[in-house]
Amino acid sequence: MAVLLATKESAMAGWRDALLALDPALEIRLHPDSGDPATIEAVVMWTGHDLAALRRFPDLRLIVSMGAGVDHLMRPPGPPPGIPVARLVDTRLTQGMTEWVLQNVLRFHRQDPEYRAQQAAAIWHELPAPDTAQRRIGILGLGALGSDAAAKLRALGFPVMGWSRRPKSLPGIEGFHGEDGLRAMLGRSDILICLLPLTPETQGLLNAERLALLPRGAFLLNAARGGHVVQPDLLAALESGQIAGAALDVTEPEPLPPEHPFWRHPRVVLTPHAASITIPASAAPQVVENLHRLRDGRPLINLVDFAAGY
Ligand code: NDP
Ligand code: OXD
C-alpha cells in the first residue's frame, strides 16, 4: 500500500525525503501520479487540492493535513465519510508562530510605526516609555499555538488573557470562554491576537460589532485565517482610529488583489502567510508515527474532532 503526497510542486521532494528518511520501506507517490487508486492507503495533503478526488481511493484509511489548520479539508464536499483526519502539532511550527507574535506585539508595544514615521521625517523625539505591565493582551485560541504565545508573552511581563471553546486554565493566563467571555476579554484587550481555527463558529468572528468592543486604539494581530476578520469592518475601524494598527499574516483571498487598501495602508503590516512555515523534517515523525499506528491498529495521534470542526 502507498502514501500519496499532494502539495505544491516545490514542497513535494522535501516531504518525500523526510518521510523516507524515517521509514525507507514506505511507498510514496507524488500527486498527480497516484498509480493504481486501490493501492493508496493514506493521503498527506495541503490546500488547493480537490477533495472530491479523494473518493477515487477505495482503500483510503487516513488523511493528514500538512499544516496545523484543517479548514482546507473541511470545506464541501469534505473528506470521504468515516476516514480519520490528522493535523500537525509540531514544535517548529509553534516556535515560528510564537516568534511572529512576539515580533508584532513588540512592534506595536514599542511604538515602532511611530518611530519609523519620525525617522522618515528626520525627527529625533522620545515618545513616552511603554508600560509592559499595563498592556493587556487577549489571545483568541489557546491551543498548541495560542498557549505557547501566551506563555512567552506572560514571561515578558504582559498581562495575558485567552479565549477558548472549553474552559481552560493555564498558569498565569486569565481564561475566558463562551460569548460572554469573549465580550469581557475584548473589552480589556489592548492587543488582540487571533490564533483560532477557521470553523463555521469562528468565520467572520472579528466584525464591526466585536472590533468596537476593544479599547479605542487597540492593535490586532491575525495569523490564523483571513476568514476570521470581516476585512471591510477592519478597514473602517482603522480609518476611525478604533484600531491603531494591524499585523495580518492571513487575508481573504490570498494574496489580496493589487488594488486592496491593506497593501498600502500606513497602519497595516502584511506578511504572506509566512508566520510559521511547515518544515517537513520536523513534521515528518508524527506522520510516520501515524502511518505505523494505522498499520498496527493502534490509536492515531493529532486527530481532528469532526464535531468541533478542528
Ligand atoms: P488548536 O486546535 O491546537 O487550538 C485551537 C484553539 O482555538 C483551542 O484553544 C480551541 O479551544 C480554540 N477554539 C476553537 N474553536 C473555538 C470557538 N468556537 N470558540 C472559542 N475558542 C475556540 O490549533 P493550533 O493552535 O494548532 O492552530 C490554530 C490555527 O492557526 C490553525 O487552525 C491555523 O488556521 C492557524 N495557523 C496559521 C499559520 C500561519 O502561518 N499563519 C501556521 C499554523 C497554523 P479548545 O482549547 O477548547 O479546544
Ligand atoms: C497551517 C498554516 O495551518 O501554515 O499550518 O497555515
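1. Let me start in a loop: P32 has its place between β2 and β3 (40-45). Strands and helices here are DSSP runs (E, at least two residues, for strands; H or I, at least four, for helices), numbered from the N terminus. Before going on, please note that this is a predicted model, where local features need pLDDT of at least 70, side-chain atom pairs count only at pLDDT 80 or more, and totals for chains, interfaces and linings use all residues. Residues are numbered from 1 along each chain as its sequence is written, chains are lettered from A and ligands numbered from 1 in the order in which they are written, and side-chain values use heavy atoms, with hydrogens and water left out.

2. Two other backbone spots are worth a look. The bond from E252 to P253 is also a cis peptide, with omega near 0°, and P253 sits in the loop between β11 (243-248) and β12 (268-270). Q111, a residue other than glycine, has a positive phi near 60°; you will find Q111 in the loop between α3 (91-109) and α4 (112-120).

3. Now the sheet. An open sheet of 5 strands has the order β2-β1-β3-β4-β5, with parallel pairing. At its edges are β2 (28-30) and β5 (85-86), each pairing on one side only. Strands count as paired if DSSP finds at least two bridges between them. Strand β4 (residues 62-65) and β5 run parallel and are joined by 2 bridges, and I63 stands opposite V85 in β5.

4. Which residues come nearest to ligand 1? They are R87, L142, R166, D249 and Y310, out of 28 residues around the ligand; a residue is near if one of its heavy atoms lies within 4 Å. α5 (144-156) and β7 (160-164) each supply at least two residues of this shell. By class, the shell has 14 nonpolar, 7 polar and 7 charged residues. The classes are as follows: Ala, Val, Leu, Ile, Met, Phe, Trp, Tyr, Cys and Pro are nonpolar, Asp, Glu, Lys and Arg are charged, and the others, Gly among them, are polar.

5. One of its oxygen atoms is 2.6 Å from an N or O atom in the side chain of R166, and an oxygen atom is 2.9 Å from a polar backbone atom of L145. A nitrogen atom of ligand 1 is 2.8 Å from an N or O atom in the side chain of D249. The protein covers 93% of the 940 Å² of accessible area that ligand 1 has on its own (Shrake-Rupley method, 1.4 Å probe).

6. Ligand 2 is surrounded by W46, G67, A68, G69, R225, H273 and S276. By class, that makes 2 nonpolar, 4 polar and 1 charged residues. A polar side-chain atom of H273 lies 2.6 Å from an oxygen atom of the ligand. For R225, an N or O atom in the side chain is 2.8 Å from an oxygen atom of ligand 2, while a polar backbone atom of A68 is 2.7 Å from an oxygen atom of ligand 2. The protein covers 86% of the 210 Å² of accessible area that ligand 2 has on its own.

How values were computed. Polar contact = N/O pair within 3.5 Å; in protein donor to acceptor, adjacent residues only side chain to side chain.
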